[in-house]
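Work through the exercises below with the sequence and model in view. Try each task before reading its solution.

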Amino acid sequence: MIDKILHAARISRNGAKVTFQAKPAELPDGTMFVGDEAPILRWNGYFLRWSFSGYRVAEVNESREVSVLTPKPVVDLFSVGWTPEVQL
């Protein structure tokens, strides 16, 4: 059952990535979203731009809505206290 829920939250019926809109300031730690140049991770109150060479602190307009890459059910888990393991 959980696999079906997560799959539907990740990939649409036509095979496209499922995202949702939110303000970065409202996202819990562990959430990834689309930044101007690269994916951005919210972690320990910071916004970190991802690249193949590692994470770097990013400037983010916290009140502008962004496309969230992390599936909504996973973001909901982060919001209630589940903490992912992040290798920075």
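**Exercise 1: Thr70 and its surroundings**

Setting aside neighbours within four places in sequence, Thr70 is in contact with Phe20, Gly30, Thr31, Met32, Val75 and Phe78. Contact here means heavy atoms within 4.5 Å. The model is predicted: local features need pLDDT of at least 70, side-chain atom pairs count only at pLDDT 80 or more, and totals for chains, interfaces and linings use all residues. Residues are numbered from 1 along each chain as its sequence is written, and side-chain values use heavy atoms, with hydrogens and water left out.

Task: Where does Thr70 lie, and is Thr70 buried or exposed?

Solution. 
- Step 1. Thr70 sits in the loop between S6 and H2. Strands (E, at least two residues) and helices (H or I, at least four) are DSSP runs, numbered from the N terminus.
- Step 2. Check accessibility. Thr70 has a relative accessible area of 10%, so it is buried. The classes are buried under 20%, exposed over 50% and partly exposed in between, with a 1.4 Å probe and protein chains only.
- Step 3. Look for a partner. The Thr70 side chain reaches the backbone nitrogen of Met32 at 2.8 Å.

**Exercise 2: The nonpolar core**

Task: Which residues form the largest nonpolar core?

Solution. 
- Step 1. Apply the rule. A nonpolar core is a set of buried Ala, Val, Leu, Ile, Met, Phe, Trp, Tyr and Cys residues joined through side-chain atoms within 4.5 Å.
- Step 2. List the members. The largest core has 10 residues: Phe20, Ala22, Leu27, Phe33, Ile40, Phe47, Ala58, Val66, Val68 and Val75.
- Step 3. Assign strands. S1 (20-22) and S6 (66-68) each supply at least two residues of this core.
- Step 4. Follow one member. Beyond four places in sequence, Phe20 touches Val66, Ser67, Val68, Thr70, Pro71, Lys72 and Val75.
- Step 5. In soluble globular proteins, nonpolar side chains tend to be buried together.

**Exercise 3: Strand pairing**

Task: How many bridges join S3 to S4, and how many join S4 to S5?

Solution. 
- Step 1. Take S3 (residues 39-43) and S4 (residues 46-51). They run antiparallel and are joined by 4 bridges. Two strands pair if DSSP finds at least two bridges between them.
- Step 2. Ile40 has Arg49 in S4 as its bridge partner.
- Step 3. Inspect the turn. The S3–S4 hairpin has 2 residues between the strands, and Asn44 takes a positive phi near 50°.
- Step 4. Move on to S5 (residues 54-57). S4 and S5 pair in the antiparallel sense over 4 bridges. Leu48 stands opposite Val57 in S5. A hairpin through 2 residues joins S4 to S5.

**Exercise 4: Salt bridges**

Task: How many salt bridges are there?

Solution. 
- Step 1. Count. There are 3 salt bridges, each a side-chain nitrogen of Lys or Arg within 4 Å of a carboxyl oxygen of Asp or Glu.
- Step 2. Arg42 and Asp29 meet at 3.9 Å, N to O. The pair links distant parts of the chain, 13 residues apart: Arg42 is in S3, Asp29 in the loop between S1 and S2 (32-34). Arg42 is buried at 14%, whereas Asp29 is partly exposed at 28%.
- Step 3. Arg64 and Asp36 meet at 3.4 Å, N to O. Arg64 is partly exposed at 41%; Asp36 is exposed at 63%.
- Step 4. Lys72 and Asp76 meet at 2.7 Å, N to O. They are 4 residues apart in H2 (residues 72-79), so about one helical turn separates them.

Note on methods: A polar contact is a pair of N or O atoms within 3.5 Å; within protein, one must be able to donate a hydrogen and the other to accept it, and residues adjacent in sequence count only if both atoms are side-chain atoms.
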